[in-house]
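This report goes through the fold of one protein chain and then turns to a few of its residues. Please keep the sequence and the model open while reading.

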Amino acid sequence: THITMNQKPSVLGGAMIIAGTVIGAGMLANPTATAGIWFVGSLIVLLYTWFSMLSSGLMILEATTHYPPGANFDTIVKDLLGRGWSIITGLSVAFVLYLLTYAYIFTGGNLTAQALQAPLWVGQIVFALIFAGCVWWSTFWVDRGTTILIGGMIMTFLWANGGLLLSAQPAVLFDTAGSGNGSYWIYLGTALPVCLASFGFHGNVSGLFDYFRGDAKKVARSLWLGTLVALVIYALWQFAVQGNLPRSQFGPVIAAQDNVAALLAALAQVAGSGLVRVLSLFSYMAIASSFLGVTLGLLDYLTDLFGFGTSRAGRSKAAALTFLPPLVACLLFPTGFVLAISYVGFAATVWTALVPALLLYACRKKFGEGKGYRVYGGKWLMVWVFFFGLANVAAQILSRANILPVFNG
């Protein structure tokens, strides 16, 4: 990943790649998905998910330290868990990252088209070309790009939400006025998978390990810092939304096909329409930074899978494979987004929770305790993360089968 000597990667830059990847569409889906468990419940679930996902990311990091530079999911899983697991993991990694890339080109392209007052396909191509160029050039450009975008996101976030944070009503926030629906925890199942999808950065761990030239401690610090930034921003956003928009008024937002537009419209009634313009700028930067992080992870994964190498020609081949399929899919099937995104959490659980726990177990069995980087915890952490994965799989299957109750406002 073309870094010259004067481009020293910093922990802050690494953390921004992680935070940028994490704070994407989840930001806009979270308040709606957690409306059933409401504010206190959503904070508990976000904390639980943050800790579990950070731990599983650090597990991938520990496994990565035993392999040569450039080794990604494909190499590591094949060696530690065998060919079967490598195929299952590969399919779920590709499925999730391609779907997210498709989703970000779709939503980012839509916003670009509106800004340029051009047809949708023009917006999609412009969006894809600009941000794909950064990823193709080098990790360093993604680091700089996401740092600028996150800076912009924090400014627009505070600008848009400053008023909302101040006008939050305790009665609304803690639902003391009563929304006519006093049960909260029965809606846990619908909140879990969306929160899991809101903390996905696992495709970037091996790439960051190369970026920091094998300094695992710096990678670990980047993961801690990046996911904590995301956690704080998510918590403030829940506070802003669920402190102003009563739980009983979430019905129309949940019923709408485009939750994001409906949520912003509902907030505009509370806070004025100037807010929505700033929030759509915020959404644009959130989508762009996620697009950078997700596609960087996909490009690194494909480079390892097909053995492209890190030359400019190799990177160009990997970039073509990364960006062309989702862009073409977007131009041909511009409306598959809602259906597609609903399956992301399911596939993501496989390689962000179940596989990392198994990887760490196999890794310690094969390489022993070792003197290098070790994730905290030990056996109990492997069990914790594995059960976190199972809980998410169960929640998704039971929600799909209409066995778990769904909050409709």
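Among contacts in the protein chain between residues at least 6 apart in sequence, what percentage join residues at least 24 apart? The share is 84%, where contact means heavy atoms within 4.5 Å.

The model is predicted, and for that reason local features need pLDDT of at least 70 and side-chain atom pairs count only at pLDDT 80 or more, while totals for chains, interfaces and linings use all residues. Residues are numbered from 1 along each chain as its sequence is written, and side-chain values use heavy atoms, with hydrogens and water left out.

## The chain as a whole

The protein chain has 18 helices and zero strands; helices (H or I, at least four residues) and strands (E, at least two) are DSSP runs, numbered from the N terminus. The radius of gyration of the protein chain is 21 Å, close to the 22 Å of the globule rule for 409 residues, so the chain is as compact as a globular protein of that length. That radius is taken over C-alpha atoms, and the rule is 2.2 Å times the number of residues to the power 0.38. Along its principal axes, the C-alpha trace spans about 55 × 50 × 40 Å.

Of the 409 residues, 54% count as buried, a term that means under 20% relative accessible area, with exposed meaning over 50% and partly exposed in between (1.4 Å probe, protein chains only). The chain exposes about 16500 Å², of which carbon and sulfur atoms supply 71%; these areas come from the Shrake-Rupley method with a 1.4 Å probe. The mean positions of the 20 positive and 11 negative charges are 3 Å apart, with Lys and Arg counted as positive, Asp and Glu as negative, and His and the chain ends not counted. Each charge is placed at NZ of Lys, CZ of Arg, CG of Asp or CD of Glu.

Helix 5 (residues 83–116) has 34 residues and reaches 47 Å from its first C-alpha to its last, close to the 50 Å expected at 1.5 Å a residue; the expected span is 1.5 Å times one less than the number of residues. Just after helix 5, glutamine 117 takes a positive phi of about 50 degrees.

Helix 15 (residues 312–332) has 21 residues, which should span 30 Å at 1.5 Å a residue, and its end C-alpha atoms are 30 Å apart, in agreement. Its buried residues include Gly314, Arg315, Phe323, Pro326 and Cys330.

## Individual residues

| Residue | Relative accessibility | Class |
|---|---|---|
| Proline 252 | 59% | exposed |
| Aspartate 175 | 10% | buried |
| Asparagine 402 | 65% | exposed |
| Tyrosine 67 | 12% | buried |

Tyrosine 67 is found in the loop between helix 3 (38–64) and helix 4 (73–81). Leaving aside neighbours within four places in sequence, tyrosine 67 is in contact with Thr75, Ile76, Asp79, Leu80 and Phe367. Tyrosine 67 and proline 170 are 103 residues apart in sequence and 51 Å apart in space, C-alpha to C-alpha.

Aspartate 175 lies in the loop between helix 8 (170–173) and helix 9 (188–197), and its phi is near 55 degrees, a positive value in a residue other than glycine. Asparagine 402, in the segment after helix 18 (379–400), has a positive phi of about 60 degrees although it is not a glycine.

Proline 252 lies in helix 12 (residues 251–255); proline 252 and methionine 16 are 236 residues apart in sequence and 35 Å apart in space, C-alpha to C-alpha.
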